Structure formats: C-alpha cells, structure tokens
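The sequence and structure are shown first.

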Amino acid sequence: MEIAATTSVSVAPQPPRPSNAFSRKPHSVSSLPLASFQRKHCVGNDKLRVSASSSLDAVVAAEKISPASLLDKRETGGVLHFVKYHGLGNDFILVDNRDSSEPKITQEQAAKLCDRNFGVGADGVIFAMPGVNGTDYAMRIFNSDGSEPEMCGNGVRCFARFIAKLENLQGKHSFTIHTGAGLIVPEIQDDGQAKVDMGIPVLKAQDVPTKLPGNKGEAVIQAELVVDGVSWNVTCVSMGNPHCITFGTKGGPKLKVDDLNLSEIGPKFEHHEMFPARTNTEFVEVLSRSHLKMRVWERGAGATLACGTGACAMVVAAVLEGRANRKCTVDLPGGPLEIEWKQEDNHIYMTGPAEAVFYGRALL
C-alpha cells in the first residue's frame, strides 16, 4: 500500500472552545491554530510511502473547507480522507463511514496507516458508521496491530467530537452509539469535553473473560496471578473489553507505576493463559481515595498515553478493593480523566477531552 498524506497540524495547545445551540446542518470545519511555519517530510520503503506538509496557508485554506468537501466520497480513486484526533495522547484516525456499514479500509491497511514510521501514526482507526438497532451511529475500531477491540473509551470521546464537527452539533448534546461493547451514550459538554455513560461494569469471571476462578462470588477480586514467576494481586473487570487491574505484587511494597518496565511486563499480562481473549492491563498507584495514578498496557496497541475503559475498570477495582471512593481523578501519562461509578444506577461515567490534531488524505 502506498500512502500520501497532506495535513494541517496544530502545534500549540489551546483551551477548549465552548459552543452554543445544536443543529445537524453541514458547516465549515474549523482548523486549529498553527504557528507560522512550513515543514516537509517524506519517508518510505518498497511498499509504503508517506509525504506530509503543513503551513499557515494550509490551515487558512482548511478553514474554508466544509465537511462535505473535506470528507467527501472520493475513495473510488483510492483516496481515504480522515481527521486525526487524540484523547489525552491516545490518538486515532477518524474516518467518515456514515454511508456504509462496512469499513472503507481493511484491517491490514489500518495497521499500515497506524505505523508511526511509515504511515500516519495512531493507536487505531475509528469508523463512524450508520446506527443500528435504533442508535444514532455505530462505531468500529481497528487497533494498530490490525485487531478489532470491542470499544475504546478515549476513542469514543474522539468519535463524539468528530460527529459533532461533521453534523455541526454545538453546545451540550448527547447521542447514542452502537459498539461491540453495547450501547454507549456520550454527551458533549459546554466546555467541549465529552462525558460518556460507559454502562455497567461486568465482574463475572467467565464474562470478562478470565480463567481465574471467582473468589468473591463469581467475581475475581484481589486474586493471585503468577506472571513470569512473580505473584500479583489482580482484579478483573470488563467494560465490554477485558481488563486486569493490579495495585502491586503479593506482599510487595506499594506500587510505583513510574518505575515499571511496561514494555517488558505488559505483554506477559496481555498474553497470559488466564485471559483467553487477551487482556488490557492497568498498573495503579493510589495517591489518595479520590486520586489515582495509572499506566496501561493495551491489548493490541501496547503502551498508550491513556485508556478510558481502563480508567473506568480501574476505579471499579479500587472501590471493590476498598482503596478509593466512587468518584476519582485518574492521572494517566497523557493527562487526567474524571471517573464516577454511580451507586444509584451502577453506571460508570467518564469525562475528559478530545482534540483534533490534523486533517489529511491517504492514497491506498
């Protein structure tokens, strides 16, 4: 596959911009501010070539482009139009796929696009698709290794902001999304952040799934898991995708997550025989009952700067182990998320940012 990308890139951080009333009419896609500079970059190999350019002129031009022209259906010529977003550094290539229930690219193409040396670079590709079973939209994701997860918390916030931009939705608004993990309901806030009803956590061992036997009824809470000869205490939670959460080794000192060799230990958890569908793994340091620090090894993506479903699963585990309150700030390498596990409805709510990074097109 050969890829050529033309992008307008934001390099300066900016505060969220509140917006007002909602409508569903097409509008001009507003690009992000960019310092006055020009850059050209080209890398390639026998199978894949990427070129990118960015300048102030490109951003000004992007301000005048509507979603219809920016994200039009010119893929018949082998061109894929996309917008790249990130949620606390967990980054995704967003594709307007509302005209089809089949992804515009294959899993193999997605993996090449996600390559940070020879592609666009991302933790995954997300497709905005027509809704099913009465939902407003459907969301599918291909990970950077080409696998397909059920859902992604940071990805769904990016998805929500992407839809709001495409549909010219402004101000506070919610809509329904069908995912592999079931119904997800994000709500765009007045400050531009997205609050997402992540649903009810799943604790039954066989539904997570894990082969670890339930030690608190059918749930796995502070159970022993031997990884490479070391005994860890783990709690297993599904947010529609599997998570293994640990606060440290059995009888060991308090976990310092910054001291972990994540690239070494992460894959050993992910591919452990106790997790038949593999697992996401969250390593947690408790700062207070309302403030937790986490590093994550994501199934199919590796070490990422943030994981929304992981932050939700981790707060559930912390509450079940008696370590934290139901409402917490979770510090991730990419920034903080606000997580609340409400007792009245048993649902978990995640609030955090999602920002556009650049617009581009890829020649497939």
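## Overall make-up

Of the 364 residues in the protein, 50% are buried. The model is predicted. Its secondary structure consists of six helices and 21 strands.

Among contacts with a separation of 6 or more, 63% are between residues 24 or more positions apart.

## Helix 5

Helix 5 covers residues 262-270, and its buried residues are L262, I265, G266, F269 and E270. These residues lie on the same side of helix 5, because they cover an arc of only 135° around the axis.

The cover over the buried residues of helix 5 includes several strands. Strand 12 (223-227), strand 13 (230-238) and strand 14 (242-249) are among them. Strand 15 (280-288), strand 16 (291-298) and strand 17 (302-304) also contribute to this cover.

## Helix 6

Helix 6 runs over residues 308-320. At 1.5 Å a residue, its 13 residues should span 18 Å, and the end C-alpha atoms are 19 Å apart, which agrees.

Twelve of the 13 residues of helix 6 are buried, so the helix is largely enclosed by the rest of the structure. The buried residues are G308, T309, G310, A311, C312, A313, M314, V315, V316, A317, A318 and V319. G322 follows helix 6 and has a positive phi, near 75°.

Key. Residues are numbered from 1 along each chain as its sequence is written. This is a predicted model: local features need pLDDT of at least 70, side-chain atom pairs count only at pLDDT 80 or more; totals for chains, interfaces and linings use all residues. Side-chain values use heavy atoms; hydrogens and water are left out. Buried means under 20% relative accessible area, exposed over 50%, partly exposed in between (1.4 Å probe, protein chains only). Helices (H or I, at least four residues) and strands (E, at least two) are DSSP runs, numbered from the N terminus. The arc is that of the directions from the helix axis to the C-beta atoms. Contact means heavy atoms within 4.5 Å. The expected span of a helix is 1.5 Å times one less than its number of residues.
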